[in-house]
Each structure stands twice: as C-alpha cells, then as structure tokens.
Amino acid sequence: MSFSFKKLPLVAAIAMVTAAPITQAQMLEEVIVTAQKRTESLQDVPISVSAIQGDKLEEAGIANMSALADYVPNLTISDAAVNTNIYMRGMGSGNNQAFEQSVGMYIDGIYMGRGRQYRSPFMDLERVEVLRGPQGTLFGKNTVAGAINVTTASPDMGEEFNGSIAAAVEDQDGFITEGYVSGSVTDTLAMRLAFKYSENAGTYDNDFLNDDELDIEDTSYRLTAVWQPTDNLDVNFKYSHSDYERTGAPSTTRQYLDAEGRAADFPNKSAFATIAYLVTDTHFPDFGTIAGKEGVTFKDNNLGQDGKTVGIGYDQDGTDNETDNAVVKLDYSMGDFLLTSITGYSKYNSVDAVDVDWLPLQFIARDDDQDFKQFSQEFRITSPGGEFFDYVAGAYYEKSDLEFDRRVTIDTNMDGLVPATIGAPNLMFALTGGAYSADQIARNHAYQLDSESYAFFGQGTFNISDSFRLTLGLRYTKEDKDVDTNQCLSDSTNDADRLTSLAICSDNPFLVGIQAGSFNTYTYNYQEDRSTDAWLPAANFQWDVFEDTMLYLSLSKGFKSGGFTSADDGEPAGYLVGQVPDDPSTVFTSPSDDFEFDDEEVDALEIGGKHTLMDGGMTLNWAYFYTEYTDLQTSVFKGVGFGVTNAATSIVQGVEIDMAWQATDSLRLGANGSWLDASYDDFKDAPCTAIQLDIDPRCGTAGGTTNNDLSDDETTYAPEFSAALFVDYSLMMSNGMEFFAGGEVNYKDEMSPAGDNDPLDRLDSFIKTNLRLGLRGDAWEVMAYGRNIFDEEVFSQSADTPVLAGSHFNYMDEGAVFGLRGKYSF
C-alpha cells in the first residue's frame, strides 16, 4: 500500500502541540467503550472513536441515526426513497437493495447489515460508539468504512424498582412519549421494559393536495431480562419491536427544466419525457416556480387529479416498516477468562409505495414489499487482561434471507390528462399509431438472495513494556450467496381491474419493444451463485509518550463481499443497452456482466493520538488516515431504480479532531472537526449524466462512443470539511432546583450525492443550530428546545427525476422544530 506524505507536517504538529501537560481543576467523566470487545476507557483505545452516552442522546434530542450523523465527524446518514444512505469518510453503499452496508451497525453485538435497519429510533440506550475506518478483525465483514456499535440499557442486578416517563409536544402536531421501568424481580433476575411512541403531522406543505405532507407514527418497545443463577454466569436476553408508518415523503422536484433548457440540452429526449413535460406545462404552467419554494412539495402522491383516489400502484406515497430483534448473550467466567456466546435473530418487513415522478401527475409509481431474516451466532473467549499477552478470539456464523416483490408502473393516460392534451387515449396509442393501447404498463420483479457466512478471528496484544504495546489481529471470512430473480412485463387497459391485469405477464411485442427501447427493461429468469473468502490482517502499535498521552499507528485490511444487483433495468447477456428482442416471448436466462458486482477491498493506515490534559479536565483526540479502496462498490441511479458498478480504485485521506473540556464545574465545552479528501483514483467508466445520455444513450457501455471519466473526482457524500461545537451549562439555584442549558452548532461542507457527480445534484453546505434550556429537580425535569432553530434548508439527496431528462428531485431534512418536554423519574 502506498502512502502520501503530504499531511505528515500537520500530523507532527498536532502530536507536538498536544504532548505538553496542562493542569486544570475540573475533571471530565470517564467514557467507557467496548470498541475492542473489552470494557475500556475511550482514551486507551487506539481507534478513531466517537462515543455518545445515552443521557446525552436523550437530552440533545438525538432520536435516530440520521440525527446522530450531525454530531460525528465524517459521518452522513439520511433516508432515501427505498433505502438509507450511510457514508463514513466518504465511503458507503447507496441505495441498491442488494447491498449490505460499508458501515456495519451492531446492536447489542448483533450485526445489522441492511440500510433499512438504520431507520429504527433510538430508545433507552446506554451509549453509541462510532468507530471510523475498517474494523474487519473483531467486527467482521462489511465494515470497510467503519462500524456503529449500539449498546442498549440493561437492568442492574440488585437494583430497586425504578423508571422514568417523558413526554414532549412539538410544533407541526408533533408528540413524543418514552420511558422505562426497571428493577430486580428476585435475587437472580432483573428486568427492564422500555417504550417509545412518536407522531408528527405535516412537516412540509403539499400545495397540490392542499394538505400537510409527511405524517409519521412510530411505536417501539424493548424487554430486557438479566439472569445471574451463579456468580460466574450472566445471561442477558433482549427482545425489541418497532413499527414505523409514514404517509407522504420529504421529497420534491426542486429543479424543473424549462422549455428553453430542454431545447438546448435535451434535443433527443424520449417520447415519455416529451409527453410528461407537455402535460405538466399545459396543465400546471406555474410548476417550475412552485417547485422552487422552500419546504413545499407539489405532487399527487399517487392520488391522481382528485387528490383522493389511488389510481396507480397499490397505495399512496408512504412506507410501513416492522422490525423485530432478539439477542441472548451469555457471559461465563472460567477462572480469569471470560467465555461469551451471542445468539441473535433479526427480521423486518417493509412495504413502500413511492411516487417516483415527483410531479402533479399520475405518471410513475414504484411498490416494494421486502422481507429480511437473519440468524447469527458468535462464540468468543477473552483473556484476563493486564498480562504480557492479552487476547480475544472467537468464531462467527451468519445466515440471512432477503426477499422482495417490486412493481414499477407507468400510467400513459395520466389520469385523463394525456387525452385532454393530445387527443389520443394514451401515449401507447400515440406511439404505435393506434396499434396498441394500454393506459398503464408495468414491470414485475421478484428477488431472493440467500447468504451464508462464517468466520474465525483473533486479536492479541503484546504488552512489551509499561509504555509500548503491539497488537496483531487476523480474521478469516467465507461467504456464499445464491440469488433467484425473475421479471415479467404487463399492461392494463381497464382502470377498474388494473391491479389484476398488471399481475398477468404479457409478451405483447409493442409492450416488449417499448420497455426495452425506452427503459432497458426485459423479461428474465436468473439463478446465479458466488462464493468468496478473505484473510483480514491488522496491526497496531501504541506508545504512551506521557502518562496522559498515547500515540498509535495502525495498519489494516477490510473486505466487503460482492453480490447481485437488485435493479430492475439492465440488458441481458449479448445485448446492448436498449436493444429490442427479436422474439418478444423470450425469457432471458443469462444476465450481463453488470448483474454481478465484485468484492470490495481496502488497505488502511491510521496515525493518531489520545491526550488527557488539564489534570483530566480536557481530552483531545486526533487521527490522520489514508485508505485505498479497490473495486469500490457504487450505487447508480438508473431511471427508476439503482444499479451497481465497481469503481476501479479510490483513495481517501483526512484528519479528524475531537475535543471535550470541563471548563468549570458548571460548564462543559466540546468540539470536533474533520478534513476529508476522498476521490476516485481510476474510474473511467463512471455513470453518465443525463446530458451525456441524451447525446449518447449508450454512454459508458458497450456500443457507446462516449464515457464519463470521474478519475480524480470526489466520491459521494464526502464533504471536505465538517465540524461541530457543543456547550452544556448547569447552575444550582438557591431553592434546590438546577437550571441547565445547552446547544450545538453543526456544519457540513458541500458534497455530491449522485454516482455520476452531476453538478446540478450537488448539495450545498449547511449549518444547523440546536438550543435547549430547562429546570430540573430531584425527580423531575422540564425543557424547552429547538432543532435547526434558524430553519436552514438542507437536502440529503438529489438525483435525476425519472424520465424527465434535465429535472432533478431532492430529499429534504426537517426545518426548524420547537418543542417542550417534561420528564419524571421514580
């Protein structure tokens, strides 16, 4: 692995400045983490880690992973139409549903590899640890960018019955209640029950439906039981359930290309784009102006022109996610050694209905019904610690099954607007001169992916002296994947039985030709399998320069297995993009090379320091990292779905700094910041922009004459700079009450969210400011708070609007939210 010396002066300067001891009276509370499968102080862990305790999460209103990302350097998490974007240090997986994540999430030791699982709300947590950089040795596969380690709260054996209940009201009809009860049932059994319920009505305005947009209802609970039948056996059982329902979506067409722009940049746009633009311009001439309004959407959400009746797809725009997780952890003390078994089961079902044209038209709808199940088992042995050689070793097994059914429907009648505009009953009739008439056409896609993996791992630390430690680790991983996927085309001419008709496969030659030529969509039945394995070594050297100063250097390899794309569109083997089959009844059985994506590998170097200053009153931690990715898996928006490609190589380097200071007994300050340089080293066949595809429809593929070379361009979701400032203040009053106040200012630089790096999709930099203040007594607390109090407009995703070449849709973060919260503890 090569190494860039450009930043060595900066690294050296940080090390020298932070080495000198400074004294201060106030002391910070020690932060405990389990980043190395041991309970350790954060300041002793040679990894770039951010740890946020559960009380801080609750107090700051950090309700989920997306909110957490504002507080952590080089972390971006945001919901999208059918998945979740999770990126760390400019690396992530994107929206293809076949992807496992580059940032692995672990809840109570159980791997959660699907983006959907990042959507569950935070509830009754002990802490969240964000580990940056590859974590392959101890955490395993698919942590090439990092890992998020979530530990939920458990009861303490022998504790008295206790609990708390909190309720908050927010503007926009928001309401949140949460709490827990906990205590010992017997001398050997303790239990804890936690719950959370939240609802919100109307975060945005839908000016087409004349209604609020985005109604959310979220219900979660968790039962924990701790059993200690003997002094050396501890059994911890947890079961959690979450049900999330959302009507509407925080999405909008924000950039609508006018007629002049279309003529100049898209002279070859498709017939579908032409009719969609014509109908929109004719019936909604002010759409371009309305689309530019802040916090406003103007779309039908699959409800057609009356805004009340679902006329396309199964339901109006929204989602329903139901998640179940169960884990049994056994810790058995065998002398000074600790034997650990972690058995986990997780599953979810998600049903999505998405208005994917983002227009005031009944035009394109996407419906997904996804099921996921996973079983995992880990066995681990941990040595006592404090010896010349300390180690952790174990074995891991995992089996999972992902299934989904998807339908993408196109209404070529547009709920009567097409005949009102051009006289023909639908676009199909117009395109075929009356030979073929279908009001709606669809593609029906079924996908099943079975995965099985096992691993053996070990990590040992040689305590060479009181000041020097050498840690070596190695993991072997083997994974097998089998996919069975099929797709057929269908149409409907009668609105009354459209759902029945669209479930029947058709080989009508006009339907087959239009789907292939306009959408690169075919009838197929693919069964494929793949097997892969990898050795993941790691080495780490630590040096305690002073009693409160530790420097470290680490080298590691990461691995993320390949797989099979879940995209609907994609030409079969031997076909060019958009090539029409000679025989419309053909069911293709051989996919093109793009169907399977390769393994992703990473080599990483990190140099860092952990410094405890001012007699424990301040901590200052920093890290410089340099990583090289080979065959980086990237997600690419392809019309109405997300495809996959492997970038040749990517290079990522940067600096992260994290500081906490207990300035006085009443005042605590904190800050973090990062500089990031993440770019494609070699990516000559990157996805093409809409403008490029208008010139050359096969741009970047076989048969094309042009390409989009993104070599040396930045990767997705890679802001060059990000930073956050924190303040918490408390004051004891003469009447025994405590006044408290706090706030955060979070900054993220501009970044590109799209795989083609289209400058029109670039997300602007932003600053979010949060404030809170309140009073608390021995058992109660009241607090007023505001999130994003200056109502900064923030977008989390931008991409090409399906079919409408030249227009772009955006996903919006929440604007200003103000609330009042009360809490009672007993």
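This is a predicted model: local features need pLDDT of at least 70, side-chain atom pairs count only at pLDDT 80 or more; totals for chains, interfaces and linings use all residues.
Q: Let's begin with a loop residue. Where is Gln-362 found?
A: Look in the loop between strand E19 (337-355) and strand E20 (364-382).

Q: Is Gln-362 buried or exposed, and why?
A: The general idea is a cut-off: buried means under 20% relative accessible area. Gln-362 has a relative accessibility of 4%, so this residue counts as buried.

Q: Which residues is Gln-362 in contact with, leaving aside its neighbours within four places in sequence?
A: Quite a list, including Asp-300, Gly-304, Gln-305 and Ile-312. Asp-415 and Gln-440 are among them too. For another distance to check on screen, take Leu-417, 55 residues away along the chain: its C-alpha atom and that of Gln-362 are 9.0 Å apart.

Q: What does the side chain of Gln-362 make a polar contact with?
A: One partner is the side chain of Asp-411, at 2.6 Å. The Gln-362 side chain also reaches a backbone atom, the oxygen of Gly-311, at 3.3 Å.

Q: On to helices. Which residues of helix H11 are buried?
A: General idea to begin with: an α-helix has 3.6 residues a turn, so residues three or four places apart point the same way. In H11 (residues 509-519), the buried set is Leu-511, Val-512, Gly-513, Ile-514, Gln-515, Ala-516 and Phe-519.

Q: What should I look for at the start of H11, and what follows the helix?
A: At the start, find Asn-508: one of its side-chain oxygens comes within 2.8 Å of the backbone nitrogen of Phe-510. After H11 comes Asn-520, with a positive phi near 55°.

Q: Now a strand. Which residues of E37 point one way, and which the other?
A: In a regular strand the side chains alternate between the two faces of the sheet. In E37, His-808, Asn-810 and Met-812 point one way, while Phe-809 and Tyr-811 point the other way. Both sets are buried, and E37 (residues 808-812) is described as mostly covered, with five of five residues buried.

Q: Which strands pair with E37, and how many bridges join them?
A: Strand E16 (residues 251-255) pairs with E37 in the antiparallel sense over four bridges, and Gln-255 stands opposite His-808. Strand E36 (residues 795-800) also runs antiparallel to E37, joined by five bridges. There, Phe-809 is the bridge partner of Ala-799.

Technical notes: Residues are numbered from 1 along each chain as its sequence is written. Side-chain values use heavy atoms; hydrogens and water are left out. Helices (H or I, at least four residues) and strands (E, at least two) are DSSP runs, numbered from the N terminus. Buried means under 20% relative accessible area, exposed over 50%, partly exposed in between (1.4 Å probe, protein chains only). Contact means heavy atoms within 4.5 Å. A polar contact is a pair of N or O atoms within 3.5 Å; within protein, one must be able to donate a hydrogen and the other to accept it, and residues adjacent in sequence count only if both atoms are side-chain atoms. Two strands pair if DSSP finds at least two bridges between them.
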